[in-house]
Amino acid sequence: MAKDSKSKENIAEKAAKVREKAKEAAATKAKETAKAAEASKTVETTSSTPAKTTRKTAAPKENCFIEYSGKQISVADITENAKKLWKSENSDAISQINVYINVDQGKAYYVVNDEDHGEFDI
């Protein structure tokens, strides 16, 4: 029976050590959980701050001119004339306009919505 009591004491000692290690592990886990919770609060706080806004700069004003035979004509004016001519003959909206300028002939040709077309002197 002496052996039985020694083995019971050994088992009790081992059980006590296991309980102690379990307590330490639980304490460590609690500390890690607290640190993780604190870190997530930091992330939440950081993410709730407004983002930096970048300053938008205005696009530079562009002008394009064609010079020929002593004349200077604005490409924007030619395009606007093509739109006005097309609108005077049609009621459809313009979704796309392509303008072709032939300085040798002194004419501008336009195609609207890949279908209708026309021309005028520049």
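In this predicted model, 3 strands form an open sheet in the order 3-4-5, with antiparallel pairing. Strand 3 (97–102) and strand 5 (116–121) lie at the edges with a single partner strand each, so one side of each has no neighbour in the sheet. On average, neighbouring strands of this sheet are turned by 20 degrees against each other, direction ignored.

**Basis of the description**
- Residues are numbered from 1 along each chain as its sequence is written, and side-chain values use heavy atoms, with hydrogens and water left out.
- Because the model is predicted, local features need pLDDT of at least 70 and side-chain atom pairs count only at pLDDT 80 or more, whereas totals for chains, interfaces and linings use all residues.
- Helices (H or I, at least four residues) and strands (E, at least two) are DSSP runs numbered from the N terminus, and two strands pair if DSSP finds at least two bridges between them.

**Sheet and helix**
- Strand 4 (residues 107–112) pairs with strand 5 in the antiparallel sense over 6 bridges, and V111 stands opposite H117 in strand 5.
- Helix 2 (residues 75–89) packs on the sheet and touches strand 3, strand 4 and strand 5, its direction making about 120 degrees with that of strand 3; contact means heavy atoms within 4.5 Å, and angles run from 0 to 180 degrees between N-to-C directions of axes fitted to C-alpha atoms, for helices over the stretch in contact.

**Y110**
- Y110, which is in strand 4, is buried with a relative accessible area of 3% (buried means under 20%, exposed over 50%, partly exposed in between, with a 1.4 Å probe and protein chains only).
- Not counting residues up to four places away in sequence, Y110 touches residues including A82, L85, W86, V99 and F120.
- Y110 and L85 are 25 residues apart in sequence and 9.8 Å apart in space, C-alpha to C-alpha.
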